[in-house]
Structure formats: structure tokens, C-alpha cells
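Thanks for coming. I will walk through one structure today, contacts and then strands, and keep it short.

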Amino acid sequence: MIAAAAEDPQQEFRTGVGQTTTATLFDGSVVTLDTNSALAAREVGGIRLVELKKGQAFFKVAKDRTRPFKVVAGGRTVTATGTAFSVRVEPDRFQVTLVEGSVVVE
């Protein structure tokens, strides 16, 4: 994950087995975490950066072409400027499902 300045607050969300949760990120994007999932989100140098540590998350990204939205998971990066998609990461699996818009997977 990219290093961040100390003044950039980080948001962290987790769900246990059998739980789901929906939260609004600092930029107005909405994330729904599936069961047994964890992520951290912050802004770093004009980039909205989310690290999906485990599980699956669905993102409804707030449109902002000046600040890319990046999800880092399983050694890959998914980049969007305004779209809806999900990312799943497991020890032996990485999956992106696009619902609306476009993303780049690196």
C-alpha cells in the first residue's frame, strides 16, 4: 500500500462471519462489505485508496475524475473514476465484477 501523510485519516471497516455492512467513505463513495471482510481507506496524494485486506466489497464510487479511486487487493490494483463494481480477494482467488462504468485491473 502507498505510504500516506500522518494527517490523512484512515477509515477501517470489518465484518465477521455471517455479517455484512454498508458504509460511506470519506469521499462520499459507498462500500458494502460482505461476510468476513476487511478494508482500509484513505486519500494519498490526490488518490482515493482502498486496501481490501480480505473478503469481498461492492463499491459505488463517487464521481470525481480529478481523484482516481483505486482498490488494492491480492497484489493487484483496480482503478475507477466513477463506477460500480465488486472485488473479491481470497488466498487463491482474485475477482472483479463490473456493474456499471469501467475499471482498469493491473
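Start with Glu 43 and Arg 67: their side chains meet in a salt bridge, 2.7 Å from N to O. By salt bridge I mean a side-chain nitrogen of Lys or Arg within 4 Å of a carboxyl oxygen of Asp or Glu. Glu 43 lies in strand β4, residues 38–44, and Arg 67 in the loop between β5 (47–60) and β6 (69–73), so this pair ties together parts that are 24 residues apart in sequence. Strands here are DSSP runs of E with at least two residues, helices would be runs of H or I with at least four, and both are numbered from the N terminus.

Before I go on, the conditions. This is a predicted model, where local features need pLDDT of at least 70 and side-chain atom pairs count only at pLDDT 80 or more, while totals for chains, interfaces and linings use all residues. Residues are numbered from 1 along each chain as its sequence is written, and side-chain values use heavy atoms, with hydrogens and water left out.

Back to the charges. Glu 43 counts as partly exposed because its relative accessibility is 23%. The cut-offs are under 20% relative accessible area for buried, over 50% for exposed, and partly exposed in between, with a 1.4 Å probe and protein chains only. Glu 43 and Arg 67 also belong to a salt-bridge network that includes Asp 64. The structure holds six salt bridges.

Another of them joins the side chains of Lys 60 and Glu 100, at 3.4 Å from N to O. That pair links distant parts of the chain, with Lys 60 in β5 and Glu 100 in β9 (residues 93–100), 40 residues apart. Both ends are partly exposed: Lys 60 is at 39% and Glu 100 at 37%. Then there is Arg 88 with Glu 90, where the closest N and O atoms are 3.0 Å apart. Arg 88 is partly exposed at 23%, and Glu 90 is partly exposed at 31%.

Now the rings. How many aromatic pairs does a search of the whole structure find? Two. Rings of Phe, Tyr and Trp, the last by its six-membered ring, pair if their centres lie within 6.5 Å; planes under 30 degrees apart count as stacked, over 60 as edge-to-face, and the rest as tilted. Phe 59 and Phe 69 have ring centres 5.7 Å apart and planes at 65°, so they are edge-to-face. Phe 59 is in β5 and Phe 69 in β6, 10 residues apart. Phe 59 is buried at 1%, and Phe 69 is buried at 1%. Phe 59 also pairs with Phe 85, this time tilted, with 5.3 Å centre to centre and 35° between the planes. Phe 85 lies in β8 (residues 84–90) and Phe 59 in β5, so that pair ties together parts 26 residues apart in sequence. The ring pairs link Phe 59, Phe 69 and Phe 85 into a cluster.

That brings us to the core. In soluble globular proteins, nonpolar side chains tend to be buried together. A nonpolar core here is a set of buried Ala, Val, Leu, Ile, Met, Phe, Trp, Tyr and Cys residues joined through side-chain atoms within 4.5 Å. The largest one has 21 residues, and those touching the most other members are Leu 39, Leu 52, Phe 59, Val 71, Phe 85 and Val 87. At least two core residues come from each of β3 (30–33), β4, β5, β6, β7 (76–80) and β8. β5 gives the largest share, four residues. Leu 39 is in contact (heavy atoms within 4.5 Å) with residues including Phe 13, Val 31, Leu 52 and Phe 59, leaving aside neighbours within four places in sequence.

Next, the partners of β5. Two strands pair if DSSP finds at least two bridges between them.

- β3 pairs with β5 antiparallel over four bridges, and Thr 32 stands opposite Phe 58.
- β4 pairs with β5 antiparallel over seven bridges; the two form a hairpin with two residues between them, and Gly 45 in the turn has a positive phi of about 55°.
- β6 pairs with β5 in the parallel sense over four bridges, with Phe 69 as the bridge partner of Arg 48.
- β8 runs antiparallel to β5 and is joined to it by six bridges; Gln 56 has Arg 88 as its bridge partner.

Last, where does Val 17 sit? Val 17 is in the loop between β1 (11–14) and β2 (21–24), and is exposed at 74%. Apart from neighbours within four places in sequence, Val 17 is in contact with Thr 35 and Asn 36.
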